[in-house]
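Welcome! Here is a short briefing to read alongside the structure, arranged by topic so that you can look up each place as you go.

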Amino acid sequence: NSFSKTEDTASDSVEAAKNASNKKEKLSDQVMQNPQVLAALQDRLDNTALTPSSYIETLPKAVKRRIDALKQLQVKCAHIEAKFYEEVHDLERKYAALYQPLFDKRREFINGEAEPTDAESEWHSENEEEDKLAGDLKNVVVIEEKAEEANVKGIPDFWFTIFRNVDMLSELVQEYDEPILKHLQDIKVKFSEPGQPMSFSLEFHFGPNDYFSNSVLTKTYKMKSEPDKTDPFSFEGPEIVDCEGCTIDWKKGKNVTVKTIKKKQKHKGRGTVRTITKQVPNDSFFNFFSPIKVSADGEALDEDSEFTLAADFEIGHFFRERIVPRAVLYFTGEAIEDDDNFEEDEEGEEEELEGEEEGEEEEDAESDPKV
């Protein structure tokens, strides 16, 4: 009896499975006959199968030949673009000469070599009423301040304040670098001469100090404005490809780029221990003038060196494009506010996109029964 019951149960199960299978087949037939479903499936197949490269593969030889001709034209365009940027560099050099008298006057005012006239120092601020009120209050203590003002020369700590205000630079500056940077009197950008390989140099002019005997420290950034032979389509204009520092003539015991450590050494044979002093590299802004060298034979750098070099190029570009031309606005912080507002807008957009992507992933996870 129990056997026959089991047999009946088994046959019921088989029958139920058959019915379910039949239902499924009918349902799939109905679905496949639905034109909207078929169109959606076809669209999905088209999208997955035909990537740009697989589409190109399906084209006749004659069409592929014409595409190759377009690529050749594209390479010629890249070479013309390179020439365009060479002319832009010539223009930059020409305009640098026009800016220079203004930058020279800026240096004189900063270092107290000259005083601006009333006309030169006239400036109408947005908060003029507040400034006037503050000025009226200041008049009360003007006699005391006059004596102090006589001792203030130029604009104290002008460039050092810029280093402190700009995150990209303040991250490089150590506490023991600060007294040296207070002697920084000017930063200049110099462009390569006509007919020379494309480059620009940053000149850091220092007043007499107890740290090194150089009056100028230089950093030269070498540039390339020509399409890469192996990948001409990647060309997007001039890029920094290498940089060169300079030797700093440190005064005795004043080199902040090294530190002295004591190390114990044990003699293998005798077992005696001696203490030796050893100099090791030290974090400092002044390492900026001893950059990592790009290998002449094109040998690849390790990941850390690549990152350090990329950061160095970015800082050089920032000095040239932003800090030197707009120094006073980085001193007052106005340029930093502008930069921050621009970055926040960009980050906001990125965060929004990331949020959408995360949402999509969560939906996929919920719809997948395996998860």
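## A first look around

Asp157 sits in the loop that runs between helix H6 (142–149) and helix H7 (158–165). The model you are viewing is a predicted one. The protein has 12 helices and six strands, and 23% of its 371 residues count as buried.

**The protein as a whole**

- The protein exposes about 27800 Å², and carbon and sulfur atoms supply 52% of that area.
- Among contacts between residues at least 6 apart in sequence, 58% join residues at least 24 apart.

- Phi of Asp157 is near 55°, which is a positive value in a residue other than glycine.
- For background, most residues other than glycine have a negative phi.
- Asp157 counts as partly exposed because its relative accessibility is 29%, a value between the 20% limit for buried and the 50% limit for exposed.
- Is helix H7 enclosed or open? Six of the eight residues of H7 are buried, so this helix is largely enclosed by the rest of the structure.
- The buried residues in H7 are Phe158, Trp159, Phe160, Thr161, Ile162 and Phe163.

- Leu169 has its place in helix H8 (residues 167–170).
- With a relative accessibility of 1%, Leu169 counts as buried.
- Which residues does Leu169 contact, leaving aside its neighbours within four places in sequence? They are Phe163, Ile315, Phe319 and Ile323; Phe163 is also one of the buried residues of H7.
- Leu169 and Phe319 are 150 residues apart in sequence, yet their C-alpha atoms are 9.8 Å apart in space.

**A nonpolar patch on the surface**

- Leu91, Tyr95, Leu98 and Tyr99 form a nonpolar patch on the surface.
- Together, these four residues have about 420 Å² of accessible area.
- Leu91 belongs to helix H4 (residues 61–110).
- Leu91 counts as partly exposed, because its relative accessibility is 44%.

- As a general point, side chains of opposite charge can pair when their charged atoms come close.
- The side chains of Asp104 and Arg107 meet in a salt bridge, at 3.4 Å from N to O.
- Asp104 and Arg107 are three residues apart in helix H4, so about one helical turn separates them.
- In an α-helix, residues three or four places apart point the same way, because there are 3.6 residues a turn.
- Asp104 is partly exposed at 25% relative accessibility, and Arg107 is partly exposed with a relative accessible area of 22%.
- The side chain of Arg107 also meets that of Glu113 in a salt bridge, here at 3.7 Å from N to O.
- Glu113 is partly exposed too, with a relative accessible area of 47%.
- Lys105 forms a salt bridge with Glu120, and the closest N and O atoms of this pair are 2.9 Å apart.
- This pair links distant parts of the chain: Lys105 is in helix H4, while Glu120 is in the loop between H4 and helix H5 (128–138), 15 residues apart.
- Lys105 counts as partly exposed at 36% relative accessibility, and Glu120 counts as partly exposed at 39%.

**A salt-bridge network**

- Which residues are linked in a network of salt bridges? Lys222, Asp242, Glu244 and Lys293 are linked in this way.

**The largest pocket**

- Rolling a probe the size of a water molecule over the atoms shows where empty space is left.
- The largest pocket has a volume of about 940 Å³.
- This pocket is lined by 27 residues, and those that lie nearest its centre are Arg106, Phe109, Glu120, Ile155 and Val328.
- The elements that give two or more residues to the lining are H4 and helix H11 (327–332).
- Which element supplies the largest share of the lining? That share comes from H4, with seven residues.

Conventions: Residues numbered from 1 in each chain as written. Predicted model: local features only at pLDDT ≥ 70, side-chain atom pairs only at ≥ 80, totals over all residues. Heavy atoms only, no water. Patch = residues over 30% accessible without salt bridge, like charges linked within 9 Å, V, L, I, M, F, W, Y side chains within 5 Å. Areas by Shrake-Rupley, 256 points an atom, 1.4 Å probe, with all protein chains shown as cover. Helix = DSSP H or I, 4+ residues; strand = E, 2+ residues; numbered from the N terminus. Buried < 20%, exposed > 50% of the residue type's maximum accessible area, 1.4 Å probe, protein only. Contact = heavy atoms within 4.5 Å. 1 Å grid on protein atoms, 1.4 Å probe; cavity = no way out; pocket = protein on both sides within 12 Å on 5 of 7 lines; lining within 4 Å. Points joined across faces, edges and corners; volume = space filled by probe spheres on them.
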